Amino acid sequence: MKVLVLFAHPVLERSRVNAVLVDAIRDLPGVTLRDLYEEYPTFAIDVAREKTLLSAHDVIVFQHPFYWYSTPAILKEWQDLVLEHGWAYGENGTALHGKITFNAVTTGGPASAYQRGGYNRFTMRELLAPYDQTANLCGMRYLPPFCVHASLLLDDERDVMPHARAYRRLLAAFVADNIDVARAANLDTLNPVVDDLPEDDGPGWGRE
Amino acid sequence: MTHGPLFLCFVFLAASVLVVPIAKRLGLGSVLGYLLAGVAIGPSVLGIVGHEGKEIMHFAEFGVVMMLFLVGLELRPALLYQLRRPILGFGGLQVLLTTLVVAAASLALGLPWKTAIAVGTILSMSSTAIVLQTLNEKSLLKTPGGQAAFSVLLFQDIAVIPILAVFPLLAVGDAVSEGAKGGRPGWLQGLLVLGAVGGVVLAGRFLVRPIFRFIAETRLREIFTASALLLVIGVALLMQSVNLSPALGTFVAGVVLADSEYRHELESDIEPFKGLLLGVFFVSVGAQIDFPFIATRPVVVGALVVVVVAAKLGVIYAVARGLGLDRSARWLTAFALAQVGEFAFVLLAFAGQVHVLPPDLAKLLVAVVALSMAATPGLFIVLERLVLPRVTTGEKRPHDEVTHDGNEVIFAGHGRFGQIVGRMLRANGVGTTVLDLDPEMVDVLRRLGMKVYYGDASRPELLATAGMADAKLFILAIDDKEATNKIAELVRHTYPKVKILARARDRVHYYELKKIGVHGAFRETYGSSIELGIEAFRMLGARARTAHTMAQKFREHDSRAIDKLADLWGTMDQDAYFSEVKRVTGEAERLMREEAGGPVSRDGAWDDESLRKAARDASDDAEEPTAPEE
């Protein structure tokens, strides 16, 4: 399968986690990386181009830091403009039917914060419900998010590296169509899926 | 009076150095300066230079030869081929018609027909030296008019050869013809000419390049200069030996070398020599003017100068018009070529030798020719101050009949600035009515299928017929500062409901427009400077969004600063204003620097030290962090 990563970070030069994650998948065969803030610094999104890219891929990943329980602004703008009625949903709106989509998110708080009764009161899946329902309306299969929690506690690249490697293995597995989508759909996050993957995702990425 | 050559050099140089910069400052051009310097040192005023002047002039004529070499270097053979029509057509007609007109007038004045034709031919020549120097100095050489003038001059330079050959046949009485052919039979002469020109072309193609490469490899600058001079002088001598014009020969050599890689080096080597020699040439022309002789018959000489210049001007204008040059080019060519040229001196001297002209007439004509040359800078002043402004603002071209199209936007000016705005608006379905004063621009835009009116937006009745009363927006995008202000005031006053957006040339013009009360003023290079700045940030490694954010911050601070300064402009003297500029822009930059280190530039990135510290504390206490975030 072909994977499209729609990546959004407004100030990537200050990023400690997403920058490493993005570097980990940049050269992965079968993955197309779109750095939205770099492409559209003034938010002038080229809708036709984005639609062409969506059509050409099978798995759509929204990679971003989790800001105020949602995405950075440009991803909202992207949704508002690109997911047109009559194309993505509604009558004849079948362009995205059958495609898989999920979020790849970094959060400041630890996993324990995202629980009923936790600091943030809701689970990640619950907080991402708008994405879930958007995918549903567009006829896409929504999968739980890939999460890097407690990112504020990751001090340097060495701390981030295991997450980056896991992310790379996950996307490589999607490219190779090695994911049990039906099983994954019922999980809270995609992270356990990575643990079940065989270690052989080709020449491994890593800078250690 | 006889003086050593060093003293003469001193006099010529001193006169030039003193007079030329002053003439240039006064807007008279360097040629008139040199001529005046010549008059000053000549026999009529200071009398420092007497008859040596004539010899010096012959020597200095070599400046003309060098100039044609340089002109040739600029002209690739392909370009020359393109110019064949103006050279043969315009040049040929000009020489022929001028000769006929002047000859007819001379006949009417009672000269014998042979003499009349000789006079006509002599006066049909124009001054390559003065005209090319002046056109170059005024950057007019590449304009259509300049190119036309150049073509004519080129034809004249070539025409000198057959004229020299024909003159002996015009000899009056039983004088012995010992003219141009130098006693050689015609076929031999023809063969020699062909051989010489062919030799120059072939040598230029195949010999000069390896030789220059060899010399260039020695890295001896002065030897390269020497060989460049050697080349020019050698070609000139070769041409003289076969009775061809040296100027024509070096021109051919120049054209042949125009494609070579040494072109620029040759140019820069010969250029100073040419400049100096031409200067000396002009000085000696000035020194040659025989004022005592003129003083004995001022009316005759004066009238002749006026009539000759007027006749030449008229003929050239008519030919230019007949050949379809546009108005400004016609006038430029006619005014530029109206004088009689230095070749006339050569022809006059030669005509004297072969008894075509009686000595008295020759003396009179020398005075007329010299004065007409001296009149050229004056003619250029008339052309630039009186004729061209009228021609280019289109007194002759009637303003278009503007109709009320009911468009909501009216443009004044659709050059490189207004066009972009107009394209953007029209692409989005906004109706525009466009007025422009540049006839060429109007024609080009029309050819592109745009509806553009030729007309002056500063005329109230034109604005009215264009539909200003019903327009919403007036976009003022002409490049003339004064005209912009005038029109802005007019529109502000007459149509207070119409919003005005105006193009400002610079910061001060921006202030002026703000004072007038336009609704938006835009410094014409500001937007693109900001864009380049954004690209600079990106090339230095900044992210696109960060680069845009920094540019946006700069814009905000700068526009706040400039509006503050706009209020101050005109309320204080220059020094106080500039110290205020320094203070306000310094303030803006300080604020920007502070923001760069402050919370604003963090701009939604939650990865902030205070937040990380809180997270660490919370995790140490096994509690929850205190905020959302990455």
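What share of the contacts in chain A with a separation of 6 or more comes from residues 24 or more positions apart? The share is 76%. This is a predicted model, and every value below is computed from it.

**Chain A overall**

Chain A carries nine helices and six strands. Its radius of gyration is 16 Å, close to the 17 Å that the globule rule gives for 208 residues, so chain A is as compact as a globular protein of that length. Along the principal axes, the C-alpha atoms fill a box of roughly 50 × 40 × 35 Å. Of the 208 residues, 55% count as buried. The accessible surface of chain A is about 8,900 Å². Carbon and sulfur atoms hold 50% of that surface.

**Chain B overall**

Chain B has 27 helices and six strands. Its radius of gyration is 33 Å, whereas a compact globule of 630 residues would be near 25 Å. The C-alpha trace spans about 125 × 65 × 50 Å along its principal axes. Of the 630 residues, 48% count as buried. Take the contacts in chain B between residues at least 6 apart in sequence: 73% of them join residues at least 24 apart. Chain B exposes about 30,600 Å², and 64% of that area is supplied by carbon and sulfur atoms. Its charged side chains number 62 positive and 64 negative. The centres of these two sets lie 6 Å apart.

**Accessibility of selected residues**

The table lists residues from both chains.

| Residue | Relative accessibility | Class |
|---|---|---|
| Cys147(A) | 3% | buried |
| Ala150(A) | 14% | buried |
| Asp177(A) | 47% | partly exposed |
| Cys9(B) | 43% | partly exposed |
| Lys142(B) | 65% | exposed |
| Tyr511(B) | 0% | buried |

**Local detail in chain A**

Two residues of chain A have a positive phi without being glycine. One is Ala150(A), with phi near 55 degrees. Ala150(A) sits in the loop that joins strand 6 (146-148) to helix 7 (157-175). Is Ala150(A) buried or exposed? Its relative accessibility is 14%, so it counts as buried, the limit being under 20%. The other is Asp177(A), where phi is about 60 degrees. Asp177(A) lies in the loop between helix 7 and helix 8 (181-184). With a relative accessible area of 47%, Asp177(A) is partly exposed.

Leu137(A) belongs to helix 6, which covers residues 129-137. Which residues does Leu137(A) touch, not counting those up to four places away in sequence? They are Ala88(A) and Tyr89(A). The C-alpha atom of Gly90(A) is 8.3 Å from that of Leu137(A). Along the chain, Leu137(A) and Gly90(A) are 47 residues apart.

**Local detail in chain B**

Lys142(B) is placed in the loop between helix 8 (128-137) and helix 9 (144-166) of chain B. Lys142(B) is exposed because its 65% relative accessibility is over 50%. Leaving aside neighbours within four places in sequence, Lys142(B) is in contact with Glu74(B) and Gln147(B).

Tyr511(B) is in helix 23, residues 507-516. At 0% relative accessibility, Tyr511(B) counts as buried. Which residues contact Tyr511(B), once neighbours within four places in sequence are left aside? The set is Ile562(B), Leu565(B), Ala566(B), Trp569(B) and Tyr577(B). Asn136(B) is 375 residues away from Tyr511(B) along the chain, and their C-alpha atoms are separated by 37 Å.

**Cysteines**

A disulfide is a covalent bond between the sulfur atoms of two cysteines. How many disulfides are there over all chains? The count comes to zero, with the cut-off for a sulfur pair set at 2.5 Å. Cys147(A) is buried, at 3% relative accessibility. Cys9(B) is partly exposed, at 43%.

Note on methods
Residues are numbered from 1 along each chain as its sequence is written. Chains are lettered from A and ligands numbered from 1 in the order in which they are written. This is a predicted model: local features need pLDDT of at least 70, side-chain atom pairs count only at pLDDT 80 or more; totals for chains, interfaces and linings use all residues. Side-chain values use heavy atoms; hydrogens and water are left out. Helices (H or I, at least four residues) and strands (E, at least two) are DSSP runs, numbered from the N terminus. The radius of gyration is taken over C-alpha atoms; the globule rule is 2.2 Å times the number of residues to the power 0.38. Buried means under 20% relative accessible area, exposed over 50%, partly exposed in between (1.4 Å probe, protein chains only). Contact means heavy atoms within 4.5 Å. Accessible areas come from the Shrake-Rupley method with a 1.4 Å probe; for residues, only the protein chains shown count as cover. Lys and Arg count as positive and Asp and Glu as negative; His and the chain ends are not counted. The place of a charge is taken as NZ of Lys, CZ of Arg, CG of Asp or CD of Glu.
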